[in-house]
Amino acid sequence: TPENGVIDVRLTRKRAGTDDTVVIEIMDSGPGVEEAAMDHVFDRFYRVVDTGSEGSGLGLSIAARIAGLHGALIDLENRRDQTGAIAGLTARITFAASV
């Protein structure tokens, strides 16, 4: 998220039949991820070009690996404004609830 941007975090528990999951959502007001890059952002060393940010392209790869070790899934979804333009990103982590 750029300077003076906004990050919201939401934690919910969803129960549907025998499924009992916990979902953590992190929503930002950043530039989002172009659809063409969405399939690659979890690849090691992949970096979206022209973002102006620094890094080695390992962060999301490591996060996905850790989530997988805990039986969780991470997915990303662009947030859109009223015109349909990308207005941020939602990262969603879903895992089975413990009793």
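Trainee: Is Arg-92 buried or exposed?

Mentor: In this predicted model, Arg-92 counts as buried because its relative accessibility is 18%, and the cut-off for buried is under 20%. Glu-77, at 41% relative accessibility, counts as partly exposed.

Trainee: What does Arg-92 form with Glu-77?

Mentor: Side chains of opposite charge can pair when their charged atoms come close. Here Arg-92 forms a salt bridge with Glu-77, with 3.2 Å between the closest N and O atoms. This pair links distant parts of the chain, since Arg-92 lies in strand S4 (residues 86-96) and Glu-77 in strand S3, 15 residues apart.

Trainee: Which residues are linked with Arg-92 in a network of salt bridges?

Mentor: The network links Arg-92 with Arg-10, Glu-25, Asp-75 and Glu-77. Within it, the side chains of Glu-25 and Arg-10 meet in a salt bridge at 2.8 Å, N to O. Glu-25 belongs to strand S2 (residues 19-28) and Arg-10 to strand S1 (residues 7-16), so this pair ties together parts that are 15 residues apart in sequence. Glu-25 is buried, at 11% relative accessibility, whereas Arg-10 is partly exposed, at 40%.

Trainee: How many salt bridges does the structure hold?

Mentor: The structure holds seven, including one in which the side chains of Glu-35 and Arg-80 meet at 3.3 Å, N to O. Glu-35 lies in helix H1 (residues 35-38) and Arg-80 in strand S3 (residues 73-80), so the pair ties together parts that are 45 residues apart in sequence. Glu-35 counts as partly exposed at 48% relative accessibility, and Arg-80 counts as partly exposed at 44%.

Key. Residues numbered from 1 in each chain as written. Predicted model: local features only at pLDDT ≥ 70, side-chain atom pairs only at ≥ 80, totals over all residues. Heavy atoms only, no water. Salt bridge = Lys/Arg side-chain N within 4 Å of Asp/Glu carboxyl O. Helix = DSSP H or I, 4+ residues; strand = E, 2+ residues; numbered from the N terminus. Buried < 20%, exposed > 50% of the residue type's maximum accessible area, 1.4 Å probe, protein only.
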